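Hi,

Here is the structure I promised to pass on. Have a look at it first, and then read my notes below.

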Amino acid sequence: MLQKIRVMLFLAWRSIQRGGRAGLMLNIVIIALVFTNMLLLPSIITGAVELFNEQTVDYQTSDILISPREDDRYIADVDTLLAKINRIPGVHRASARFAMGGTLIYKGKTVSVPVTAFYPRDEVEVTLINTKMKSGTFLSSGDTGEILLGNFVAGSEDESEDFFASLGGVRVGDSITVNFENGVSREYRVKGIFQTKSYTVDYMVFLPWEEMEEIIGHENTLATEVLVKTDEGVDLDVVKMRILSFGVGEKVKTWKDVLSGLVEESIESFNIINQISMLVSLVIAVVVIFVIITIKAVHQRREIGILKAIGIDQDIVIGSYVTQVLFICLLGTILGFIISQVLMIYFNAYPLEFPDGNVVPVFEYVTMLENTALLFVASAAAGYVPAWRIARQNILDAIRGQA
Amino acid sequence: MITVEDLERVYLMGKVEVHALRGVSLSVKQGEFLGVTGESGSGKSTLLHLVGILDQPTAGRVLIDTTDVYRLSAEEQSRFRLGRIGFVFQEYALIQELTALENVYLPSLAAGNSHRDHEEHAGAILEKVGLEGRLNHLPRELSGGEQQRVAIARALVNNPGILLADEPCANLDSENSRNIMDIFADINRETGQTIMMVSHEAWHRPYFHRIIRLRDGRIVDAGDVSDDGKR
């Protein structure tokens, strides 16, 4: 066996060494581009998914989200709940949110959105919205008559730039009217406009908790949700279990729980696109390798016959062609890896601008190994078949160059 | 010793059966230098190919020493060709991507000899056929006569008991042809290898111990050259 491998490698190496350089380089470049394509799309998809996950944690749910029990609309006695959660080991801070429907009006333009209230000092501990101010400043405790708008709510003066109904380009310092669903109407000065690039978050409106109590007309002990930020490095599931074990009867979900289902469907759709793209890439690689080896084996039919005539086993002859294919694949994947790394560096410096944010492709080694294995297996098969077809030919027919 | 018994080979050319060999029987002694002659299409190359296990007979058998070679599996036949038979083709039949030295040591490498052994041995054989200065040349850099000498060296590298040559001088000029024939004669004399050579050339006759002549797939003359006093 070892002897066969030695001869196989010897023949393959000499063929590569003394065969056409231009053809070899072309084959390597084709495999490199196929490999790059196989890596790039999954890395963009992974990057987009990571961006979505980050946006969810940073602006929407924090690490753990507590929502009302199954048949309840609100979480009751929220102050007690906050006090309890803030004492749980692993919890950094909990922040309550209370949302009430409202219609915002500015110069005849109206937008109907839930108006969400929070304690600004708590909110800055659990989300990063305060770091994404496009203009103005974030809310502070004790602010009255001031409101915080998402970028899509504020909108732009040129309506064609807006994805959704907006206030048509309201700016910091402008006054808007808010008609709440309980019938109360108030004027607010826009204190800040934030832009997270998350569609959901940038279509939100925030008020300080105390301001919402003014609207309700009494002290508010209800919340529509509680966002919980955990200490760095802790296991979210462990903290979730602790919260439940502290007797919290509301629905407690980690951000992954919240996204499961919703994101899985999106990822599945992405994966279908990815698999189609990968299949096309593989088919290209297989066809290229098949054509290369067919041409090479047909061209060398006589030499294959000679090799068999002098006593070289058919398996060795086939093996030498497959070895050449694997060598082309190896160099192609190395070149493809280099190209993809250069692209990663480029995209890190200049991320892909998606409507939902800037996506930096995320390169995963597992994906790379899987794709490499897939490419090698497909290429080896694509090289084996034509080599086998020619090598099994009758020796004399091969030497005479007859098909 | 080669024993051929009732060997037949029928080719199908479309729907027409072509009888290349029609029951050929023959014995070649160890160390004999046998010439195989006959007109074009008489079956001499077919006979050589069947003795060299390059083809499959329609009927009959070929025994080399005591081995019925067509009862061996394909892999065993390969091993047998590698170790026991050297074949020299009319058109050199060298591997174009290998140098003269590599072409010669390839069968040795396949036979499992150590790297140093097969390189040294191949070099020595090439030296013996007068190519000591051309070891690292590719076939396209060699003349026809040199390529044929490389092919002979390759056939000899595993020290096979039998050397089969199918019109090895057909594409060579007279000087190169004579050199090649001298090499065969030297090999036969020095190593005692059995040689079976297909030849058209009348001037080759003195080299052979015996000549058989084929016509229409049958041996029509199995005379001994030595008896004619030509050698």
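Predicted model: local features only at pLDDT ≥ 70, side-chain atom pairs only at ≥ 80, totals over all residues.

Before anything else, a word on labels: helices (H or I, at least four residues) and strands (E, at least two) are DSSP runs, numbered from the N terminus.

Is B:Asn113 buried, exposed or partly exposed? It counts as partly exposed, because it has 19 C-beta neighbours inside 10 Å, and a residue needs 20 or more to be buried. If you skip its neighbours within four places in sequence, B:Asn113 is in contact with B:Ser108 and B:His118.

Now zoom out to the whole of chain B. It has seven helices and 10 strands. Its C-alpha trace spans about 45 × 40 × 35 Å along the principal axes. The radius of gyration is 17 Å, and a compact globule of 231 residues would come out near 17 Å, so the two agree. Of those 231 residues, 47% count as buried. If you take contacts in chain B between residues at least 6 apart in sequence, 68% of them join residues at least 24 apart.

Chain A is another story. There are 13 helices and 12 strands in chain A, and its C-alpha atoms fill a box of roughly 100 × 50 × 30 Å along the principal axes. What radius of gyration does chain A have? The value is 32 Å, but a compact globule of 403 residues would have one near 22 Å. Buried residues make up 41% of the 403 in chain A. Among its contacts between residues at least 6 apart in sequence, 78% join residues at least 24 apart.

Next, where the chains meet. On the chain B side, 20 residues are in contact with 19 residues of chain A. Helix H2 (74-84) and helix H3 (100-110) of chain B each supply at least two residues of that side, and H2(B) gives the most, with five residues. Sorted by class, the side of chain B that touches chain A has nine nonpolar, four polar and seven charged residues.

Inside chain A, there is a helix pair that I'd like you to find. Helix H2 (residues 21-61) of chain A packs against helix H12 (residues 365-391) of chain A at an angle of about 145 degrees, and their axes are 10 Å apart. The crossing of H2(A) and H12(A) is right-handed. From H2(A) come A:Phe35, A:Met38, A:Leu39 and A:Pro42, which meet A:Thr367, A:Met368, A:Asn371 and A:Leu375 of H12(A). By class, this contact has six nonpolar, two polar and no charged residues.

Then there is helix H6 (residues 209-216) of chain A, where A:Trp209, A:Glu211, A:Met212 and A:Ile215 are buried. Why do the buried residues line one face of the helix? Seen down the axis of H6(A), they fall within an arc of 155 degrees, so they share one face. What covers the buried residues of H6(A) includes strands S2 (91-106), S3 (109-118), S6 (175-180), S7 (185-194) and S8 (205-208) of chain A. Just after H6(A), A:Gly217 takes a positive phi of about 95 degrees.

That brings me to backbone angles. Most residues other than glycine have a negative phi, but here are a couple to check that go the other way. A:Asp77 is not a glycine, yet its phi is positive, near 50 degrees. A:Asp77 lies in the loop between strand S1 (64-67) and helix H3 (78-86) of chain A, and it counts as exposed because it has 12 C-beta neighbours inside 10 Å. B:Glu167 also has a positive phi, of about 45 degrees, without being a glycine. B:Glu167 is in the loop between strand S7 (162-166) and helix H6 (174-191) of chain B. B:Glu167 is buried, because 20 other C-beta atoms lie within 10 Å.

Cheers

Definitions and conventions
Residues numbered from 1 in each chain as written. Chains lettered and ligands numbered in written order. Rg over C-alpha atoms; globule rule 2.2 N^0.38 Å. Contact = placed C-beta atoms within 7 Å. Nonpolar A, V, L, I, M, F, W, Y, C, P; charged D, E, K, R; others polar. Axes fitted to C-alpha atoms, helices over the stretch in contact; angles between N-to-C directions. Left-handed = near helix turned anticlockwise from the far one by under 90°. Arc of directions from axis to C-beta.
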